[in-house]
Amino acid sequence: MREMEQKMYPLPAIATSTDRHRRDAGISRCGRLLRPLGGLLAGWAMVSLAGAEPLPPLGIDRTAVTVSGLSSGGYMAVQLLVAYSGTFSGAAVIAAGPYDCAEGNVEHASRRCLGHGGEIPVERLAALTRARAAAGSIDPLSALARARVYLFSGRRDSVVPTAVTDALQRYLLHFLPATALRYRKDIDSEHGMVTDGHGSACGHKGSPYINDCAFDLAGELLAFLYGPLQPRNEGPLRGRFVSFDQPAWPRDHGLAPSGRLFVPADCERAGAHCRLHLAFHGCGQNVARLGERYVRETGYNRWADTNHIVVLYPQTGATAPNGCWDWYGYSGQEHALRSGPQMAAVHGFVERLAGTAGACHHATLWEHLLAGRLYLAWGMAYASGSGEALGGFWPTRRLGLRQTGPARYERTSCPATSRP
């Protein structure tokens, strides 16, 4: 078991850096500003790879944005749902535990949060969530109370045992009514994304961590999050796959230069207003390690193709330990907050996909940059598309930008209450 933990979650290798991370009381305002600024100084522009393109503004329905993930991706889905509950209407979590389970402590991550000893302090984590919402570092909890959440744990999962996901259920019941939760733990699957026709045997433990259990997990979780769906596409997909640019970050932030996107044909029409689902791979499952197997073979796209659902597959890169998402602090002490490097980047992806002409955004330059509404050159900020000069870049300076066309923005006077 310890060998498996080391393969999936090589935590001790980064203990010297993550042991310095402590809870919010130790995070200074100066540190919150300098950490993202350091990231920008390390990469002023977006990475542009051969074959990669910017995320297209598709006019996504903002009331129908959901997220799912397996293992470290499941922890990431929880973090996004809690920190950005005003953005995500629901989440599906496969083999993961409560929000900020490790509290920035590598020992907690490697033991209690993987079911290897020690009780997960559900009450304390719920109190921490309330404190962060009150401090404004995550969204108000009123939005979280309206979310729908699907939970899944395989009965034979020996990497993240069912007791860990049981703790997540108890945590969520602090904020959601029981009727908003569905929990499946009756499938004899090992650790992995479960399908009804692709992957290893249901009880197999190991790469690619995609298990054929004759159970359509992607279909069931999407139906719970969105309601009744049209039958899935059993033939060739009509939609297209896009390789999109992800932001350039310092090496320790763990993002790959590009991610993947599936866009149904109907969602490329003007005014389509399709739904958006984010699907997070687990450790060792990114494109660098599995190719596009997780992106193409886990079942999401067949349902998305016939149900007006765009599917975003963010990707970790070579600097992410074992390709894992940051659920315990390897990218910095704010990993589970809205300001966390991976968190803010992913939220920026959503903002780009949801962009519609006429929308007005009053936000910090940092938020505009992550959402693709401005770009940087030699320390100066410019509005995307129009190239309008916005002055010197400072992350906390606020201004209004209005979208005047596809990927085109101009400076304007937006109400301070406008969407960031």
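Colleague: Which residues count as contacts of A265, leaving aside its neighbours within four places in sequence?

Modeller: In this predicted model, A265 is in contact with R238 and G239, once those neighbours are set aside. Contact here means heavy atoms within 4.5 Å.

Colleague: How far apart are A265 and G239, in sequence and in space?

Modeller: They are 26 residues apart in sequence, and their C-alpha atoms are 4.5 Å apart in space. As for its place, A265 is in the loop between β9 (258-263) and β10.

Colleague: Why is A265 called partly exposed?

Modeller: Its relative accessibility is 32%. Buried would need a value under 20%, and exposed a value over 50%. A265 therefore counts as partly exposed.

Colleague: Let's turn to the cysteines. What makes C267 and C274 a disulfide?

Modeller: The distance between their sulfur atoms does. A disulfide needs two cysteine sulfur atoms within 2.5 Å, and for C267 and C274 the S to S distance is 2.1 Å. In general, a disulfide is a covalent bond between the sulfur atoms of two cysteines.

Colleague: How many disulfides does that rule give?

Modeller: The count comes to four. Among them is the link of C101 and C113, with sulfur atoms 2.1 Å apart. Another joins C283 to C324, at 2.0 Å from S to S.

Colleague: What parts of the chain does the C283 and C324 pair tie together?

Modeller: C283 lies in the loop between β10 (275-280) and α10 (287-290). C324 lies in the loop between β11 (309-313) and α13 (341-353). The pair therefore ties together parts that are 41 residues apart in sequence.

Colleague: Which links are left-handed or right-handed, going by the angle about the S-S bond?

Modeller: The link of C101 and C113 is left-handed, with -105 degrees about the S-S bond. The link of C267 and C274 is left-handed too, with -100 degrees. For C283 and C324 the angle is 120 degrees, and that link is right-handed.

Colleague: How do you know whether these cysteines are buried or exposed?

Modeller: Set each value against the cut-off: buried means under 20% relative accessible area. C101 has 0%, so it is buried, and C113, also at 0%, counts as buried. C267 is buried with 2%, and C274 is buried with 2% as well. C283 has 1% and is buried, as is C324 with 1%.

Colleague: Why is α13 described as largely enclosed by the rest of the structure?

Modeller: Because 13 of the 13 residues of α13 are buried.

Colleague: One last topic, the strands. What makes β6 and β7 a pair?

Modeller: The bridges do. Two strands pair if there are at least two bridges between them, and two bridges join β6 to β7 (residues 210-212). These strands run parallel, and S200 stands opposite N211 in β7.

Colleague: Which strands are called edge strands in that sheet?

Modeller: The open sheet has three strands in the order β5-β7-β6, with parallel pairing. The edge strands are β5 (193-195) and β6 (200-201), as each pairs on one side only.

Definitions and conventions
Residues numbered from 1 in each chain as written. Predicted model: local features only at pLDDT ≥ 70, side-chain atom pairs only at ≥ 80, totals over all residues. Heavy atoms only, no water. Buried < 20%, exposed > 50% of the residue type's maximum accessible area, 1.4 Å probe, protein only. Helix = DSSP H or I, 4+ residues; strand = E, 2+ residues; numbered from the N terminus.
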